[in-house]
Amino acid sequence: MMNEDRVNFWLELSDKISVNVEQAISDARCDPDLSSVTKIGADGTPTHKIDEIAENCVIKDLTDSGRSLVLISEEIGEIKIGDDDAEVLMILDPLDGTSNATRNMPCYGISIALADLTTKSLDDVTLEDVEVAYVKNFPTGDVYSAIKGNGAFKNHEKITPISTVSKVEHATLCSYVYRAKSEKLSNLCSSVRRMRIMGSIAIEMCYVADGAYDAYLDINEIVRILDIAASQLIIKENGGIVTDYNGNPLSSKLKLTEKTSIMATCTQELHEDMISYLH
């Protein structure tokens, strides 16, 4: 486990990084090519110019920090920063909600998750080893964070569980339904009270943590670990439940190519009720 000083250092650096990325994006707004595709990223998806701007900004701040780490990010892939043995593994999505960002829709931001590498090798680290999480919604300024074993926070104040929903028919659900197997979802989606989708999985999972949503669901095994590494800890540290579609705990390796299905709920009762609908 990271000690308090190390945790505070990485959270403060995450704050600095988020401010600089947001400023870099703002400064680039006048670029007519901001939404253009520049390459295929290391994760196999198209990289837009705005993604590169965000990621390059993070890499500069990490290099200037003087700390040694392994960085896994969707555009550049896995790289080592610093000369000493890596202190942490950072799982980064420098701009979650790229399409929203290019259209100025107010739901996009940064996701940072950290796992200790002083006690485990890089090949052995899993999602369960994430100790520090940081997600910021740039348009609203809301910052969500978590420290393993010490709770979840919104804007530096501890989140208290808000939602106590236990039944699907009372729930507000966010479900990524694009190319989903509709027969598995139809029963659930026709029964929930409300459905929402904003287009940023990291931020929308934080909405489960603070009670804005009651549940988040993606039954396709296409959710990148990179996208949920931070927000899954934020949910769990506020008493929520995070599993795959079949109800199994998430224990994926912290690798760029790792993908999963996901079901995140505010309460155990709602989680069980959703499984009964889906299965």
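**Group meeting: sheet, contacts and surface of a predicted model**

Six bridges join β7 to β8, and the two strands run antiparallel. Two strands count as paired if DSSP finds at least two bridges between them. Helices (H or I, at least four residues) and strands (E, at least two) are DSSP runs, numbered from the N terminus.

Some bookkeeping before I go on. This is a predicted model, in which local features need pLDDT of at least 70 and side-chain atom pairs count only at pLDDT 80 or more, while totals for chains, interfaces and linings use all residues. Residues are numbered from 1 along each chain as its sequence is written, and side-chain values use heavy atoms, with hydrogens and water left out.

Back to the sheet. Strands of a sheet pair through backbone hydrogen bonds, either parallel or antiparallel. Here 8 strands form an open sheet with mixed pairing, in the order β4-β3-β5-β6-β7-β8-β9-β10. Its edge strands are β4 and β10 (157-158), each of which pairs on one side only.

On to the next neighbour: β8 and β9 pair in the antiparallel sense over 3 bridges, with A146 opposite A152 in β9. They also form a hairpin with 4 residues between the strands, where G149 in the turn has a positive phi of about 85°. Finally, β9 (residues 152-154) pairs with β10 in the antiparallel sense over 2 bridges, and K154 stands opposite E157 in β10.

How many residues of strand β8 are buried? The count is 6 of the 6 in residues 142-147, so the strand is largely enclosed by the rest of the structure. Buried means under 20% relative accessible area, exposed over 50%, and partly exposed in between (1.4 Å probe, protein chains only). In a regular strand the side chains alternate between the two faces of the sheet. In β8, D142, Y144 and A146 point one way and V143, S145 and I147 the other, and all are buried.

Next, the aromatic contacts. Searching the whole structure gives 3 aromatic pairs. The criterion is that rings of Phe, Tyr and Trp (its six-membered ring) have centres within 6.5 Å; planes under 30 degrees apart count as stacked, over 60 as edge-to-face, and the rest as tilted. Why is the pair of F9 and W10 edge-to-face? The ring centres of F9 and W10 are 5.1 Å apart and their planes are at 85°, so the pair falls in that class. W10 is buried, at 0% relative accessibility, whereas F9 is partly exposed at 23%. Y207 and Y213 form another edge-to-face pair, 5.3 Å centre to centre with 90° between the planes, and both of these tyrosines are buried.

F9 has a further contact: R67 lies over the face of its ring, at 3.9 Å from the ring centre. The rule for that is NZ of Lys or CZ of Arg within 6 Å of the ring centre and within 35 degrees of the ring normal.

A salt bridge is a side-chain nitrogen of Lys or Arg within 4 Å of a carboxyl oxygen of Asp or Glu, and the count comes to 13. R67 meets E87 in one of them, at 3.0 Å, N to O. E87 sits in the loop between β4 (77-81) and β5 (88-96) and R67 in the loop between α2 and β3 (69-73), 20 residues apart. E87 is buried at 13% relative accessibility, while R67 is partly exposed at 24%.

Another bridge, between D123 and K255, is at 3.3 Å, N to O. D123 is in the loop between β6 (109-116) and β7 (130-137) and K255 in the loop between β14 (241-243) and β15 (259-265), so the pair ties together parts 132 residues apart in sequence. Salt bridges that share partners also join R6, R67, E87 and D116 into one network.

Last, the surface. Y176, I197 and I222 form a nonpolar patch with about 270 Å² of accessible area together. Patch members have over 30% relative accessible area and no salt bridge; like charges are joined within 9 Å, and nonpolar side chains (Val, Leu, Ile, Met, Phe, Trp, Tyr) within 5 Å. Areas come from the Shrake-Rupley method with a 1.4 Å probe, and for residues only the protein chains shown count as cover. I197 is in the loop between β12 (194-196) and α5 (201-210), and is partly exposed at 48% relative accessible area.
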